[in-house]
Amino acid sequence: MSDERTRGEVVRELVGWARLPCPLEDFAGGQVLAGSPSLHARAVAAFGSWELALAAALLEVCAPADELADGGSAGRLEDAPRPERVVTSAAEHPVYLFTEDGTGWWAPLTSFLTRPTGALYEVPAGPGIEQWPRAVRYVGDDPSVALLTRLGMVGTMLQQQLRSWSPDSMHVPVHRHLSGLPEDDGFVELWPRRLFRYDARVYAVTVDGQVKASSCDEYSKRLSGEAVEAVLLREGDSALALLTGPERVELMLASSLGKAIVFDASELRTQGRKAQGVRGISLDEGARVVSAFRRDGVEQVLLVTRQGYAKRMLADEFRAQGRGGGGLQTCRLGPGDEVRALVPVHPADDVLLLSDDGRYARMPVWDVPLMGRAARGERVFELGASEVVQSVVAVPPGPM
């Protein structure tokens with residue numbers, strides 16, 4: 001286990017202990033050593049001293065008293081009345097699961113039950129595989145999907161070409177479906193193929209924060225059973241998302257270390273498919289882009305961290321900036337934590353989450369607290385001691 005994860009777990013235990021009705025004297029090192037020697041030993045090992053461990057826990061429970069200098073607010077915000085949940089035929093659409101090695105399956109959305117809380121449950125029984133699915137995606141009712149691979153290739157296929165998620169399903173890597181893909185490639189994103197017909201440009205986003213705009217015509221005439229190159233990657237970079245839209249549309253990119261930027265795509269000149277693009281966001285050291293989407297028409301966004309903290313925010317808290325800036329703060333991260341996803345949501349929808357232990361949570365978006373950018377969020381999802389969030393997606397509401 002990493003030092004950061006160990007520190008994070010120690011801090012969470014101390015914070016939980018602080019919320020119990022116990023006397024202040026119980027936090028003295030001697031009492032803890034006598035009453036909980038394991039916690040005391042792990043705290044000292046992780047932080048170097050019991051006092052430093054208590055200081056880290058104090059920082060965790062003390063939210064900033066004032067608003068951030070750039071205008072972000074902290075704490076819960078006044079929310080609108082709870083929206084009506086309307087369950088439609090969209091609740092029966094498929095979701096897609098895929099692993100790091102590029103194998104994908106589809107499963108009925110009804111396989112993942114909506115619960116009133118963020119408790120996690122075992123994912124329905126699936127094929128015997130060495131790698132647990134790293135991501136879940138929802139694309140609606142389009143039977144033809146486009147997919148983006150880690151190495152920057154794009155292709156299309158029908159839902160029926162993928163196996164269903166079941167115990168007797170076969171393990172078929174995506175390069176078996178699409179010619180032109182290396183065997184070590186895997187796909188990272190899915191979206192409805194029809195979007196290529198309706199929009200003017202395609203925006204390729206990479207993990208390192210590069211963004212490239214190309215004409216949709218560059219793709220619509222070439223997409224078939226053979227993958228084509230979508231973006232030329234720099235050494236060490238990998239593809240993250242492929243968005244479609246008009247020439248004037250706001251794009252939003254979020255990083256793993258709690259920053260996000262909004263900029264107008266008209267700042268990007270149209271390039272061919274085989275181009276590297278330009279800097280979309282300047283990342284802090286050790287950060288990577290974890291989410292990218294169009295901000296137009298989005299009223300709220302949902303943030304989830306790897307340790308299960310979550311919150312909703314108003315999308316207009318993020319003012320548009322020039323391309324290539326450092327962005328604005330999205331949350332206050334605890335020790336060893338990072339942003340796993342920032343996704344556009346409607347309060348009447350559900351959020352579906354996968355963990356690295358093969359469990360899922362599905363709950364109403366509205367039950368995640370609405371908070372400001374300076375807040376960390378609340379521990380909404382009930383993860384195990386060493387369990388972390390793997391993937392997050394917004395889906396239509398399901399019956400409760």
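## Exercises on a predicted model

Of the 400 residues of the protein, 53% count as buried. The model is a predicted one, so let us explore it step by step.**Exercise 1. Get an overview: how many helices and strands are there in the protein?**

Solution. Begin by counting the elements: there are six helices and 26 strands. Then turn to the contacts with a separation of 6 or more: residues 24 or more positions apart account for 78% of these.

**Exercise 1. Trace the open sheet of four strands: what is its order, and which are its edge strands?**

Solution. Strands of a sheet pair through backbone hydrogen bonds, either parallel or antiparallel. Here the order is 9-6-7-12, and the pairing is antiparallel. Next, look for strands that pair on one side only: strand 9 (187–192) and strand 12 (228–229) do this, and they are the edge strands. Now take a closer look at one pairing. Strand 7 (residues 153–158) is joined to strand 12 in the antiparallel sense over two bridges. Within this pairing, methionine 153 has glutamate 229 of strand 12 as its bridge partner.

**Exercise 2. Look at the cysteines: are cysteine 216 and cysteine 331 buried or exposed, and how many disulfides does a search of the whole structure find?**

Solution. Take the cut-off first: a residue is buried if its relative accessible area is under 20%. Cysteine 216 counts as buried because its relative accessibility is 1%. Cysteine 331 counts as buried too, because its relative accessibility is 3%. For the second part, recall that a disulfide is a covalent bond between the sulfur atoms of two cysteines. The search of the whole structure finds zero disulfides.

**Exercise 3. Find the surroundings of arginine 359: in which strand does it lie, and with which side chain does its side chain make a polar contact?**

Solution. Locate arginine 359 in strand 23 (residues 359–364). Follow its side chain to that of glutamate 387, with which it makes a polar contact (2.6 Å). Then widen the view, leaving aside neighbours within four places in sequence: arginine 359 is in contact with residues including Leu120, Tyr121, Glu122, Val123, Leu353 and Leu354. Glu382, Leu383, Gly384 and Glu387 are also among its contacts.

**Exercise 4. Explore the largest pocket: what is its volume, and which residues lie nearest its centre?**

Solution. Rolling a probe the size of a water molecule over the atoms shows where empty space is left. The largest pocket has a volume of about 1600 Å³. Its lining is made up of 45 residues, and Arg137, Glu189, Ala292, Val343 and Val393 lie nearest the centre. Finally, see which strands contribute: strand 5 (135–138), strand 9, strand 13 (239–245), strand 17 (289–294), strand 21 (339–345) and strand 26 (389–395) each supply at least two lining residues.

Definitions and conventions
Residues numbered from 1 in each chain as written. Predicted model: local features only at pLDDT ≥ 70, side-chain atom pairs only at ≥ 80, totals over all residues. Heavy atoms only, no water. Pairing = 2+ DSSP bridges. Disulfide = S-S within 2.5 Å. Buried < 20%, exposed > 50% of the residue type's maximum accessible area, 1.4 Å probe, protein only. Polar contact = N/O pair within 3.5 Å; in protein donor to acceptor, adjacent residues only side chain to side chain. Contact = heavy atoms within 4.5 Å. 1 Å grid on protein atoms, 1.4 Å probe; cavity = no way out; pocket = protein on both sides within 12 Å on 5 of 7 lines; lining within 4 Å. Points joined across faces, edges and corners; volume = space filled by probe spheres on them.
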